[in-house]
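Have the model open and follow along.

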Amino acid sequence: MENKHNFLKGAAILAIAGALSKIMGALYRIPLARMIGAEGIGIYQMAYPIYTTILALATAGVPVAISVLISRKETQGYTGDSRKIFKVSLAILFVFGIILTLIVMQSAHFIANVILRDPRTYYAILAVAPAIFFAGMMSVFRGFFQGHQSMVPTAVSQVIEQLFRVTAVLILAVILLPRGIEFAAAGATFGAVVGGLFGLMVLGVYYWQFRKNERELLQPLKYSGTTSKELGIEMVRLAIPVSFGAVVLPLVQMLDAIIVPGRLIALNYTTSQATAMFGHLSGMAAVLISLPTIFTISIATSLVPAISEALAQKDHPLLRSRINYAFRAGMIISFPCAAGLYILAFQICDLLYGMPEAGIPLEPMAFSCIALAAFQLSSAGLQGIGRPEIAMRHLIITGILKVIFNYTLTSVPMLNIKGAAIGTVIAFTIGSLLNIIYLQRLTGVKYETGRALKIAIVTVLMAIAVKISYGAIVGMDISSHIATAGAILIGVAVYGILLFITKELDLNMLKMIRS
C-alpha cells in the first residue's frame, strides 16, 4: 500500500500517466487532422460530446463516491465494507452501462438528424456507444483503488487505454477514409471502445492481484453492520451530485456543437466554413488547453480521498495544508501553460496541425488553463469534505453562463469564433471564484495569495523570455517551427530556474512527491 499521508505522490503518479495519455492524445490529433481535415474533425467533435455527456451522467461521480466511501471505511477499519461497496457499485454500473449503450445506439438517427442536424454524425455516434459500458466498469475499479490511495492501477490503465484507443483511431481512420470523412470520423470515435476494452482488462488484472495479496495476509474482514443495499444507496447519493455536475461540461460541449456553428452560419459563413471553424475551436484549440489539465486533474483526483481521510481523522490543519499544496501545484502548472499558449498560439497550431488559423480561438482561450485548474481543484476540495452538491451547483451555473456567453459573443461579427473562446474563459473564472469562496467558508483555509503573486511574476518573466527568444531565433533566418520549439524549451528552462530562485518549487515539495 502506498504512503497514505502523501497525496502528492499519488498525484504525481497520475500526472505522469496522464501526461503520457495526453501526449498520445495530442499526437494522434496531428495526423488525424491532416488526414480528415478541419471539417472531418468538426464532425468528430460534434458527435463525441454525445458520448461524453451520457458517460458523465452515468459514471463521473462513481469513482469519486467510491473513493470517498472506501477511504472513510478503511480509516475506520471496516475493510469488509470496502469489499461490499465495490461489489454493489460494479453491479449497478454493469446494468446501467448496458441500458445506456442500447439507448444511445437506438437514438443515433434522431440525435444526428434532429439535434445535431448533420446526418454525417450518425455513424460516429453509433460507433462510440459501446464505450459507455466499458468506461462505466473502469470507473468502479478506479474508484476502488483510489479509495485505497493506490493510484498505479488507474495510471497504468489510463496509459493502456489511450495507447489502444489512439492506435485504433488511426488504423480505422485510414481504412475508412476512402468511404468518406464521416466514416473516418466514425472510425476515430470507435477507438474509445477499443481503448475501454483493454483498459478494463488491465484493471481486472490489478484487482485479481490485489485480492491475491489480501488472501496471503490472512487478515479477517471487519464489517460495520451496514448492508450492501445501504452502502449502494450511499454511493449513489454521493455520486449523483458529482455526475450531474460533471454532465454539465459535455452537455455544454454538445450545445456548443449546435450553437457555435449555427451562430457562424447566421454571420453568413457557409456550413463547411462554420464546421471547420468549430473544428479549430473544439478539435484543436481545446485539445491544447486540455494538456495542463492532465496534471491538475491528477492532483484533484488524489486530493479527494486525501481530504476525506484528513476529515475522518478530524485533522483540520492537515486538511487545510493539503488544499494549499494542491492549489500551489496547480498554479505552478497552469500559469506558464496559459502564458505560453497565448504568446505562441498561432505558431503552436502551425507546428502541430499545419493550421495556424486554429490560433485565432486558442489565443483568448489560453487563459482558461488557469480558470479550469482553479475550478477542478476547488471542486475536488468540496467533494473531499462531502459537499459535492455545491460543486455541482457552481458547475451548472458555469455551464449556463458559458452557453449564454458563447451564443452572445459568437454572434458578434468582429469576434465570431473568438467569442466562444472568450465565453469559456469568463464562465469558468466566475465558477472557480464561487467554488474557492465556498471552500474557504467551509474549511477555514487561508489561501496563499503571496505565493500566487510570486508565481504570476515568474510567469510574466518567462513569457517575456519566450517572446524575445522566438523573435531572436526567427531573426536568424531559422524556420518558425524550430523557433517555436526552441522558444518553448527556453521558456521551460527560465521558468524552472526562477521557481527555484523564488523557492516556489523547492526540494521539500519534490521529496514529498517522491516519498
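**Starting at threonine 443**

At 11% relative accessibility, threonine 443 counts as buried, because the cut-off for that label is under 20%. Keep in mind as you look around that this is a predicted model. Threonine 443 sits in helix α17, which covers residues 417–443. Its side chain has a polar atom 2.7 Å from the backbone oxygen of leucine 439. Leaving aside residues up to four places away in sequence, threonine 443 touches Leu319, Arg320, Ile323 and Ile385.

Let's pick up Ile323 from that list. What is the size of the largest nonpolar core, and which members touch the most others? The core has 142 residues, and Ile323 is among those touching the most other members, together with Leu32, Tyr51, Ile125, Leu341, Tyr353 and Leu362. Helix α1 (residues 7–59) supplies the largest share of this core, with 16 residues. As for tyrosine 51, its contacts beyond four places in sequence are Val128, Ala131, Ile132, Ala135 and Ala192.

Now for a helix pair. The axes of α11 (residues 293–312) and α12 (residues 316–343) come within 9 Å and cross at roughly 175°, so α11 is roughly antiparallel to α12. On the α11 side, the contact includes Phe295, Ile299, Leu303 and Ile307. By class, the contact between α11 and α12 has 13 nonpolar, three polar and two charged residues.

Technical notes. Residues numbered from 1 in each chain as written. Predicted model: local features only at pLDDT ≥ 70, side-chain atom pairs only at ≥ 80, totals over all residues. Heavy atoms only, no water. Helix = DSSP H or I, 4+ residues; strand = E, 2+ residues; numbered from the N terminus. Buried < 20%, exposed > 50% of the residue type's maximum accessible area, 1.4 Å probe, protein only. Polar contact = N/O pair within 3.5 Å; in protein donor to acceptor, adjacent residues only side chain to side chain. Contact = heavy atoms within 4.5 Å. Core = buried A, V, L, I, M, F, W, Y, C linked by side-chain atoms within 4.5 Å. Axes fitted to C-alpha atoms, helices over the stretch in contact; angles between N-to-C directions. Parallel < 35°, antiparallel > 145°, perpendicular 65-115°, else oblique. Nonpolar A, V, L, I, M, F, W, Y, C, P; charged D, E, K, R; others polar.
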